[in-house]
Amino acid sequence: MAAIAAQRIDDELWEIPRGTVEGMRVPARVFADRELLAALERDHSLEQLANVATLPGIVGCALAMPDIHQGYGFPVGGVAATGGEKGVVSPGGVGYDINCGVRLLALPLEFGELGAERRERLMDEMARRVPVGSGGRGGSDGLRGVKLERVLAHGPRALLDALGIGSEQELERTESGGCLSGADPSAVSPRARERGSGQLGTLGSGNHFLELQRVEGIYEPAAARAFGLREHQLTVLIHSGSRGLGHQVCTDFVKRMDAVLGRYGIRLPDRQLSCAPIASPEGRAYLAAMAAAANFAWANRAALAARVREAVGVVLGAEAARQTVQVYDVTHNVAKLERHGGREVCVHRKGATRAFPPGHPEIPAEFREVGQPVFIPGSMGTASFVLAGRPGSMERSFGTTCHGAGRRLSRTAVRKQLDGEELRRSLAQAGVSVRAGSSRGLAEEAPEAYKDVERVVEVVERAGLAARVARLRPVGVLKG
Amino acid sequence: VYRWVDHTAEVELEIEAGSSEAVLRESVQALGELLGARREAPPPAAERPGVVRHRLEVSAPDLPALLAAWLEELVFLAERDGFVARSVDELALDGCTVTARVAGVLGDPPPLVKAVTYHRLAFEPRERGYLGRVVLDV
């Protein structure tokens with residue numbers, strides 16, 4: 001099909017009019033500047049976004065954040081709210097890695113106090129304790145005392161109750177308290193359980209990582225103080241999700257909904273957008289299974305954080321481990337029932353982060369004056385950002401902002417440009433200590449593969465969706 | 001023959017073969033390559049120690065969904081057991097059901113496929129033979 005053209009609404013917002021793709025029920029809009037938008041013409045992102053606008057019951061516009069890139073079905077960086085009698089839920093609008101997300105830990109030390117030798121030991125110790133890669137090897141170590149059923153139903157609270165992992169403060173500082181209501185373990189298939197059973201406490205592969213960072217700059221001192229962040233401080237960012245369990249839940253329900261599209265009179269331009277009415281048996285079952293997988297993912301990041309804290313204890317001492325605190329934990333692959341514009345809608349965020357503004361009742365009381373914390377990982381060689389939600393997100397994007405830098409180059413293209421060992425050396429020269437199981441995997445996640453994260457966060461800030469609070473610079477990376 | 005089509009974030013596999021059965025056979029080779037087997041590596045000999053065989057039966061409502069379900073089975077075995085399928089001993093296709101015996105080795109596959117998507121999914125006759133296409137979430 002011909003390249004899709006977007007029309008300028010303002011400097012940060014562009015629209016694909018209804019009618020551009022057959023069956024569009026609403027327009028599609030993308031937050032971007034001219035340069036980011038121009039890059040989208042090289043892949044199928046905008047076509048995928050226009051396809052999202054065909055979903056029954058879609059409200060307002062199909063939206064994309066400035067880190068949008070081509071995915072499957074939904075583009076990554078896509079947001080869709082659906083509602084009303086015909087409103088559907090689409091598993092592909094959440095993605096396979098249900099509740100893939102990011103957790104930020106703040107250490108009680110400054111970068112200058114760490115020193116080169118202790119940094120290497122800390123990276124070694126984290127690499128030793130955090131299982132990476134494809135399967136679940138090592139995942140269950142130390143976690144056998146908790147039943148999968150309880151993790152699916154209650155998320156990280158199950159780890160706290162059974163094993164003393166985490167704390168009440170950590171649950172409070174997790175989006176949705178780390179537990180989506182309506183989770184039903186019985187909606188999770190035996191195969192999904194089998195895939196997930198040994199994977200609790202594992203990082204995974206692909207773009208998942210664990211990063212040791214220093215706070216390089218503060219943009220909003222009041223918000224930074226509320227989040228417990230100060231310049232030069234050490235932080236650890238954990239990026240992981242629901243592992244094979246979530247992948248299988250999505251697989252099961254894409255198939256199940258694909259089989260009943262005819263029953264609900266739904267026609268779609270892409271089978272991966274398969275969906276069912278929210279109130280249908282299939283829609284309800286998916287939301288129940290997805291919530292259980294989301295709870296599993298929050299428990300996974302809690303278990304990973306516990307392993308990081310153990311590593312801190314070994315290298316920096318028990319008091320440093322005790323004072324390592326969770327700043328917040330956000331999800332960027334989820335569907336949630338929320339109130340927007342006076343009605344309840346199902347907000348699909350696929351590679352997009354909730355960013356509620358100051359005063360929103362769902363933000364923890366300690367952050368309510370400054371807005372919800374949002375974490376935007378950049379890439380190994382660049383920066384990551386801490387943002388805070390702003391009122392524009394409620395007015396323009398169903399309370400949502402971006403989730404990362406967004407891929408720019410395919411894995412093949414980036415491997416042609418450089419190899420993993422060369423990248424490892426150049427990162428070391430730039431002060432980033434890397435631990436990676438696979439040279440190929442490392443190369444695929446090179447900084448060159450990603451868009452300019454600064455440009456992405458500048459767009460969401462100018463659009464009023466979120467504001468920059470702090471900038472984090474990587475000093476050590478453990479790649480999945 | 002199979003080839004990898006450029007995709008910004010994921011991996012798109014396209015297979016052209018003389019028959020529908022040959023598409024399924026080729027897909028095993030392709031997935032094996034993605035999981036670390038060398039493309040030119042010979043299939044494991046029956047008598048070689050360490051060769052593992054699995055009998056599979058997979059059904060779906062239509063041919064494209066069958067291609068996805070077939071690969072899902074192999075992805076599951078790779079994740080659960082570290083099984084990397086390298087060749088197909090027997091394969092029979094009856095409508096939208098495939099029964100097969102695949103041979104491979106157990107190992108520690110590199111970062112691998114999370115899921116088999118329905119995006120741009122195709123398995124259909126062409127002027128000469130069959131085309132299979134699938135996007136893998138990696």
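**Exercise 1. The interface of chain B and chain A**

Task: For this predicted model, state how many residue pairs are in polar contact across the interface of chain B and chain A, and describe the side of chain B that touches chain A.

Solution. 
Step 1. Across the interface of chain B and chain A, 19 residue pairs are in polar contact, both residues being at pLDDT 80 or more.
Step 2. Turn to the elements of chain B. Two or more residues of the side that touches chain A come from each of α2 (63–81) and β6 (115–116) of chain B. The largest share, 7 residues, belongs to α2(B).
Step 3. Sort the residues of this side of chain B by class: 14 are nonpolar, 4 polar and 11 charged.
Step 4. Count the residues of both chains. Chain B gives 29 residues to the contact and chain A gives 37 residues.
Step 5. About 2900 Å² is buried between chain B and chain A, with 50% of it on carbon and sulfur atoms.

**Exercise 2. Salt bridges**

Task: How many salt bridges are there between chain B and chain A, and which residue forms one with A:Arg191?

Solution. 
Step 1. The count between the two chains is 5 salt bridges.
Step 2. The partner of A:Arg191 is B:Glu73, and their closest N and O atoms are 3.0 Å apart. The cut-off for a salt bridge is 4 Å, so this pair qualifies.
Step 3. Locate the residue of chain B: α2(B) spans residues 63–81, and B:Glu73 carries the salt bridge to A:Arg191.

**Exercise 3. The sheet of chain B**

Task: Give the strand order of the open sheet of chain B, and explain why β3 and β4 of chain B each have one side without a neighbour.

Solution. 
Step 1. The sheet has 3 strands in the order β3-β5-β4, with antiparallel pairing.
Step 2. β3 (51–59) and β4 of chain B are at the edges and have a single partner strand each, so one side of each has no neighbour in the sheet.
Step 3. On average, neighbouring strands of this sheet are turned by 20° against each other, direction ignored.
Step 4. Place the helices. Helix α1 (residues 20–34) of chain B lies across β4 and β5 of chain B, at about 170° to β4(B). Helix α2(B) touches β3, β4 and β5 of chain B, and its direction makes about 145° with that of β3(B).
Step 5. Take the pair β4 (residues 83–94) and β5 (residues 97–106) of chain B: the strands run antiparallel and 10 bridges join them. Within this pair, B:Glu90 has B:Arg101 as its bridge partner, and B:Ala85 stands opposite B:Gly104.
Step 6. Finish with the turn. The hairpin has 2 residues between β4(B) and β5(B), and B:Gly95 takes a positive phi near 65° there.

**Exercise 4. The sheet of chain A**

Task: Which strands are at the edges of the open sheet of 7 strands in chain A, and which strands does helix α2 of chain A touch?

Solution. 
Step 1. The strand order is β1-β2-β3-β4-β5-β13-β12, with mixed pairing.
Step 2. The edge strands are β1 (7–10) and β12 (333–340) of chain A, each pairing on one side only.
Step 3. From one strand to the next the twist averages 25°.
Step 4. β12(A) runs antiparallel to β13 (residues 343–350) of chain A, with 8 bridges joining them; A:Ala335 has A:His348 as its bridge partner in β13(A).
Step 5. Helix α2 (residues 45–52) of chain A packs on the sheet and touches β2, β3, β4 and β5 of chain A, its direction making about 155° with that of β4(A).

Terms used
Residues numbered from 1 in each chain as written. Chains lettered and ligands numbered in written order. Predicted model: local features only at pLDDT ≥ 70, side-chain atom pairs only at ≥ 80, totals over all residues. Heavy atoms only, no water. Pairing = 2+ DSSP bridges. Helix = DSSP H or I, 4+ residues; strand = E, 2+ residues; numbered from the N terminus. Axes fitted to C-alpha atoms, helices over the stretch in contact; angles between N-to-C directions. Contact = heavy atoms within 4.5 Å. Buried area = accessible area lost by both parts, 1.4 Å probe. Salt bridge = Lys/Arg side-chain N within 4 Å of Asp/Glu carboxyl O. Polar contact = N/O pair within 3.5 Å; in protein donor to acceptor, adjacent residues only side chain to side chain. Nonpolar A, V, L, I, M, F, W, Y, C, P; charged D, E, K, R; others polar.
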